[in-house]
Amino acid sequence: MHFKLTEEILKLSDSKYWNSAKLEWNFEYAYYSEELQSCLCGHYPIKNICVIKNKTNKRIAEVGNCCVNKFLGIEDGNKIFASIKRVKEDFTKSMSSEVLEYLNNKKALSNFEYKFYTDIIRKRKLSEKQLEIKKRINQKLIDFTSYESNSSFSKINQVLIWAVDNPQFDKGFILSLKESCHKKGRLSEKQKIALDNIIAKFKINPFS
Ligand SMILES: [Zn+2]
């Protein structure tokens with residue numbers, strides 16, 4: 001399994017040598033998949049998935065969290081999956097402050113939500129209203145890290161990568177989808193159809 005993963009990552013990297021190729025990759029997103037997926041290493045099924053992005057050629061790969069830890073030394077996913085698990089078990093619990101920063105950096109939270117959560121993150125006693133807002137923000141973590149929203153993100157990114165070589169394409173709509181997906185954690189059915197139509201119309205292939 002080890003060789004399969006390094007081989008697949010090398011195919012997507014600019015460098016032909018593992019030691020430098022692995023440095024090309026950065027953590028981008030983490031998501032939890034209810035649907036069973038396979039890792040680049042061939043391991044099946046995996047549920048904790050990291051989306052990693054190559055700094056030099058902008059390619060995207062989806063790898064199981066354990067492989068990302070083991071072979072690429074990328075540990076960003078661990079805290080996110082720990083928070084997803086904690087919040088899913090009990091919606092009154094808090095995500096960690098690192099995960100709150102992650103959501104905020106990805107523009108998944110409003111200024112109010114970020115500030116509110118920062119204030120209450122260690123408080124045990126909350127008013128009913130505060131608890132309600134907290135649960136709503138916890139739901140944002142779950143939505144943002146769902147397979148559904150991440151498959152939309154990866155499609156949006158494919159279109160944006162394709163657009164670099166196709167400057168006549170107006171990116172405005174795609175950028176508005178990206179923003180909306182960040183804010184709501186998912187695309188509406190109409191938006192999903194519109195995105196799929198663009199991909200079909202322009203015959204956009206991942207990694208092409
Ligand atoms: Zn793997």
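Leaving aside its neighbours within four places in sequence, which residues is Thr145 in contact with? Contact here means heavy atoms within 4.5 Å. By that rule, Thr145 touches Ala30, Tyr31, Tyr32, Ile80, Ile84 and Asn150.

The model is predicted, so local features need pLDDT of at least 70 and side-chain atom pairs count only at pLDDT 80 or more, while totals for chains, interfaces and linings use all residues. Residues are numbered from 1 along each chain as its sequence is written, and side-chain values use heavy atoms, with hydrogens and water left out.

Thr145 sits in the loop that runs between helix H7 (128–144) and helix H8 (147–164). Helices (H or I, at least four residues) and strands (E, at least two) are DSSP runs, numbered from the N terminus. The relative accessible area of Thr145 is 1%, so Thr145 is buried. Buried means under 20% relative accessible area, exposed over 50%, and partly exposed in between, with a 1.4 Å probe and protein chains only.

Next come the domains. The protein is divided into domain 1 (2–74), domain 2 (78–144) and domain 3 (147–201), with bounds that come from an automatic or database domain assignment. Between the C-alpha centres of domain 1 and domain 2 there are 27 Å. Where these two domains meet, 12 residues of domain 1 are in contact with 8 residues of domain 2.

The area buried between domain 1 and domain 2 is about 770 Å², and carbon and sulfur atoms give 57% of it. Buried area is the accessible area (1.4 Å probe) that two parts lose on being put together, summed over both. On the side of domain 1, Tyr29, Ala30 and Tyr32 lose the most area to domain 2, together 46% of what that side buries. The elements that give two or more residues to this side are E1, E2 and H3. E1 provides the largest share, 7 residues.

The last stop is the zinc ion. Its protein donors are Cys39 (SG), Cys41 (SG) and Cys67 (SG), at 2.1 to 2.3 Å. Donors are N, O and S atoms within 2.8 Å of the metal (3.2 Å for Na, K and Ca); water is not among the atoms, so sites may look incomplete. Along the chain, the donors follow the spacing C-x1-C-x25-C. Cys39 lies in the loop between strand E1 (25–37) and strand E2 (46–54), and Cys67 in helix H3 (residues 65–72), so the pair ties together parts that are 28 residues apart in sequence. Both Cys39 and Cys67 are buried.
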